[in-house]
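Morning, everyone. Please have a look at the fold on the screen, and then I'll talk you through it.

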Amino acid sequence: MTATSWDILLIGGASGVGKSRAAAQLAGESDESKGFVVEFDDVVSAVEAMTTAEHHPALHHFDGIPDTARLTVDQVLDLQIATARALEPAVLGVVRNRLTVDVPAVIEGDYLTPAAALEAIGEGRAAGRRVRAVFLHEQDPEQILANYTAREPGSGEQRHRAQVSAAYSHWLADQAARHGLPVVECRPWTGLAGRVEGALGQDGPVLSHPRPTLGP
């Protein structure tokens, strides 16, 4: 269907590392038609709007925290990881819907976990579709801070947020490696799409062992 090695591509990574730009470029490189880009952050907002902390506390860890900068980096990181894990079923819901559509799709977002990605790859294989996943990594909080400044010039310095993002990027990269999924350094920006395609390969991870159970 496409000149790429995938029908559905999951791009995970922390905030501010360049996922949206990479997703747009990779979707535009589909052979027969422009790929569809799903921003999972939109799904997260919808899920949060339809639930409450009372009934779905795992989706509302940040409720009641008006300023996360008052927390330590590790405290915010723990809440972010917990939220990502709670959203894993929503990731699979999006993938299952895209499996019914014969149009290439890129799904990108902060809350895509390697565990959910591996589960999605398995479901894709069962459906005869090529689901792939890659995680973009930026380890330098100063670079993420510069990215925020360029993207959101009116928001002031976001150093604490950048430090959280860098810590989360390290966690995602470690989890991706544990699950046998490719991790690609974001820099240099030039050639990132080609490096992603090269890292994906043609076969994806070996699923000879039972896939991990989603959740904490």
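I'll take the sheet and then a pair of helices.

This is a predicted model: local features need pLDDT of at least 70, side-chain atom pairs count only at pLDDT 80 or more, and totals for chains, interfaces and linings use all residues. Residues are numbered from 1 along each chain as its sequence is written, and side-chain values use heavy atoms, with hydrogens and water left out.

The sheet. Five strands make an open sheet, in the order E2-E3-E1-E4-E5. Strands here are DSSP runs of E, at least two residues; helices are runs of H or I, at least four; both are numbered from the N terminus. The pairing is parallel; to pair, two strands need at least two DSSP bridges between them. Which strands sit at the edges? Strand E2 (36-39) and strand E5 (183-185), each pairing on one side only. From one strand to the next, the twist averages 25°. Angles run from 0 to 180 degrees between N-to-C directions, and axes are lines fitted to C-alpha atoms, for helices over the stretch in contact.

Strand E1 (residues 8-13) and strand E4 (residues 131-137) share six bridges. Leu9 has Arg132 of E4 as its bridge partner.

Now the helices. H3 (residues 73-86) packs against H7 (residues 159-178) at about 50°, axes 9 Å apart. So H3 is oblique to H7; oblique is whatever remains after under 35 degrees (roughly parallel), over 145 (roughly antiparallel) and 65 to 115 (roughly perpendicular). Contact means heavy atoms within 4.5 Å. Among the contact residues are Val76 and Ile81 of H3, and Tyr168 and Trp171 of H7.
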